[in-house]
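Subject: Handing over a structure

Dear colleague,

I am passing the structure below on to you, together with an account of what was found in it. Please read the notes alongside the coordinates.

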Amino acid sequence: MTYNDPGRWAEVHAISGAPLNFFQSIKAGGTGSPRAVLVKSGIPELDELLSATSVIKYCNFERTANGMVMYVRVRLEMYGIPFRNYDLLRVEGLLARGNVGFGVRLVLREGGEVELEVKQEHQKKLMAWLNRAVQG
């Protein structure tokens, strides 16, 4: 995804909904999530890209009208993965994992999972943010 390609943004927003306007953003408590480290995306093509480099893959989420978009940068490329509200079944907290700290798992309706690592002090905040997104 690039900021210069409106066609890609239109595709993403067709799935997840339009970005929230200023007043919707305030009502929702903000549109951006805390930063996390992407461990497993649940998307085979992206997981293959993630394993091809040893650089830490930070990601964050943006709340939209009908879901959210997960952004991750791999090898100087920005990827945006749109989710609808109903694509997410639940959010689970995981005990200490990896190098960063604690984990968060998003369980997807189609049987996939997205695994993230966050610092212990950010785990509850990220889980609360994701649960608000799941509830719409």
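Contact here means heavy atoms within 4.5 Å. With that cut-off, glycine 112 touches Leu106 and Val107, once residues up to four places away in sequence are not counted. Please keep in mind throughout that this is a predicted model.

Glycine 112 itself lies in the loop between strand 6 (101-108) and strand 7 (113-118). Its C-alpha is 12 Å from that of phenylalanine 83, a residue 29 positions away from glycine 112 in sequence.

As for the chain as a whole, its secondary structure comes to four helices and seven strands, and from the N terminus on these elements run α-α-β-α-β-β-β-β-β-β-α. The radius of gyration of the protein chain is 14 Å, which agrees with a compact globule, because a globule of 136 residues would have a value near 14 Å. Along the principal axes, the C-alpha trace spans about 35 × 30 × 25 Å. Of the 136 residues, 41% are buried, and among the contacts with a separation of 6 or more, 46% are between residues 24 or more positions apart.

The protein chain exposes about 8,000 Å², of which carbon and sulfur atoms supply 53%. There are 17 positive and 14 negative side chains, and the centres of these two sets lie 8 Å apart.

Turning to individual residues, valine 104 is found in strand 6, and it counts as buried because its relative accessible area is 0%, where the limit for buried is under 20%. Leaving out residues up to four places away in sequence, valine 104 touches Val91, Glu92, Leu94, Val114, Glu115, Leu116, Val118, Gln123, Leu126, Met127 and Leu130. The C-alpha atoms of valine 104 and lysine 124, which are 20 residues apart in sequence, are 9.3 Å apart in space.

Lysine 124 lies in helix 4 (residues 120-135). With a relative accessible area of 71%, lysine 124 is exposed, since exposed means over 50%. From lysine 124 to glycine 93 the C-alpha distance is 8.3 Å, across a sequence separation of 31 residues.

Leucine 49 has its place in helix 3 (residues 44-51), and at 25% relative accessibility leucine 49 counts as partly exposed. Apart from its neighbours within four places in sequence, leucine 49 is in contact with Val74 and Tyr79.

Threonine 64, finally, is in strand 2 (residues 58-64). Is threonine 64 buried or exposed? At 4% relative accessibility, threonine 64 counts as buried. A polar atom of the side chain of threonine 64 lies 3.5 Å from the backbone nitrogen of methionine 68. Not counting residues up to four places away in sequence, threonine 64 touches Ser16, Gly17, Ala18, Pro19, Leu20 and Val69.

Note on methods
Residues numbered from 1 in each chain as written. Predicted model: local features only at pLDDT ≥ 70, side-chain atom pairs only at ≥ 80, totals over all residues. Heavy atoms only, no water. Helix = DSSP H or I, 4+ residues; strand = E, 2+ residues; numbered from the N terminus. Rg over C-alpha atoms; globule rule 2.2 N^0.38 Å. Buried < 20%, exposed > 50% of the residue type's maximum accessible area, 1.4 Å probe, protein only. Areas by Shrake-Rupley, 256 points an atom, 1.4 Å probe, with all protein chains shown as cover. Lys, Arg positive; Asp, Glu negative; His and termini not counted. Charge placed at Lys NZ, Arg CZ, Asp CG, Glu CD. Polar contact = N/O pair within 3.5 Å; in protein donor to acceptor, adjacent residues only side chain to side chain.
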